[in-house]
Amino acid sequence: MSLITWTKEQFATNVSAHDAEHQEIFRLVNVLGDAVASGDRTAIGKELDALIDYVVKHFAAEEANFAQYGYPAAAGHKAEHDKLVETCADLQKKFHAGETEVTGETAAFVVGWLTDHIPNIDKLYGPYLNAKGVA
């Protein structure tokens, strides 16, 4: 079952590398959603780890572009990334310690974060980076 679908109209930043990364994040969210629906705790843990690992790498790639091209909103954008990573790392730690579960509500939180962050925050860097020659 698909929890989230990437569409150019809603989610394209027009920075091809980051758009491809966003599409992969969406795929990983959907895989995690399938694992949650299956109730297989081992699969959930594997997919949770894969998603978080990929998101951290994606954030680093965005932030590297911000630094390289002097993106003026980089500090605020990085603060949003840091807040999500902290939340996810806490969830990951508690899940693997058996202190919490990953549920449909968890998946809904991630979907909500993405559907807010990409159109309202990420899309803002597109024109800036495009003007710097990043396509």
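This is a predicted model: local features need pLDDT of at least 70, side-chain atom pairs count only at pLDDT 80 or more; totals for chains, interfaces and linings use all residues.
A pair of aromatic rings is described by the distance of the centres and the angle of the planes. The structure holds 6 aromatic pairs. In one of them, phenylalanine 59 and tryptophan 113 have ring centres 6.0 Å apart and planes at 50°, so this pair is tilted. Phenylalanine 59 belongs to helix H3 (residues 41–69) and tryptophan 113 to helix H5 (residues 104–131), so their contact ties together parts that are 54 residues apart in sequence. Both phenylalanine 59 and tryptophan 113 are buried. Elsewhere, Phe66, Tyr71, Tyr125 and Tyr128 are linked by ring pairs into a cluster.

The search for open space comes next. Rolling a probe the size of a water molecule over the atoms shows where empty space is left. The largest pocket has a volume of about 290 Å³, and 21 residues line it. Nearest the centre of this pocket lie Leu84, Cys88, Leu91, Phe109 and Val110. Four helices, H2 (16–38), H3, H4 (74–96) and H5, each supply at least two residues of the lining. Helix H4 gives the most, with 7 residues. Sorted by class, the lining of the largest pocket comprises 16 nonpolar, 3 polar and 2 charged residues.

Charged side chains complete the picture. Side chains of opposite charge can pair when their charged atoms come close. The structure holds 6 salt bridges. One of these joins arginine 41 to glutamate 101, with the closest N and O atoms 3.0 Å apart. Arginine 41 lies in helix H3 and glutamate 101 in the loop between H4 and H5, so the pair ties together parts that are 60 residues apart in sequence. Arginine 41 is partly exposed, at 32% relative accessible area, and glutamate 101 is also partly exposed, at 40%.

Other salt bridges lie within a helix. In helix H2, arginine 27 and glutamate 24 are 3 residues apart, about one turn of the helix, and their side chains meet at 2.8 Å, N to O. Arginine 27 is partly exposed, with a relative accessible area of 43%, and glutamate 24 is partly exposed with 23%. In helix H4, aspartate 90 and lysine 94 are 4 residues apart, about one helical turn, and form a salt bridge with closest N and O atoms 3.3 Å apart. Aspartate 90 counts as partly exposed at 37% relative accessibility, as does lysine 94 at 33%.

Key:
Residues are numbered from 1 along each chain as its sequence is written. Side-chain values use heavy atoms; hydrogens and water are left out. Rings of Phe, Tyr and Trp (its six-membered ring) pair if their centres lie within 6.5 Å; planes under 30 degrees apart count as stacked, over 60 as edge-to-face and the rest as tilted. Buried means under 20% relative accessible area, exposed over 50%, partly exposed in between (1.4 Å probe, protein chains only). On a 1 Å grid over the protein atoms alone, a cavity is a set of points where a 1.4 Å probe fits but cannot get out, and a pocket is an open set with protein on both sides within 12 Å along at least five of seven lines; lining residues have an atom within 4 Å of a point. Grid points are joined across faces, edges and corners, and a volume is the space filled by probe spheres set on the points. Ala, Val, Leu, Ile, Met, Phe, Trp, Tyr, Cys and Pro count as nonpolar, Asp, Glu, Lys and Arg as charged, and the others, Gly among them, as polar. A salt bridge is a side-chain nitrogen of Lys or Arg within 4 Å of a carboxyl oxygen of Asp or Glu.
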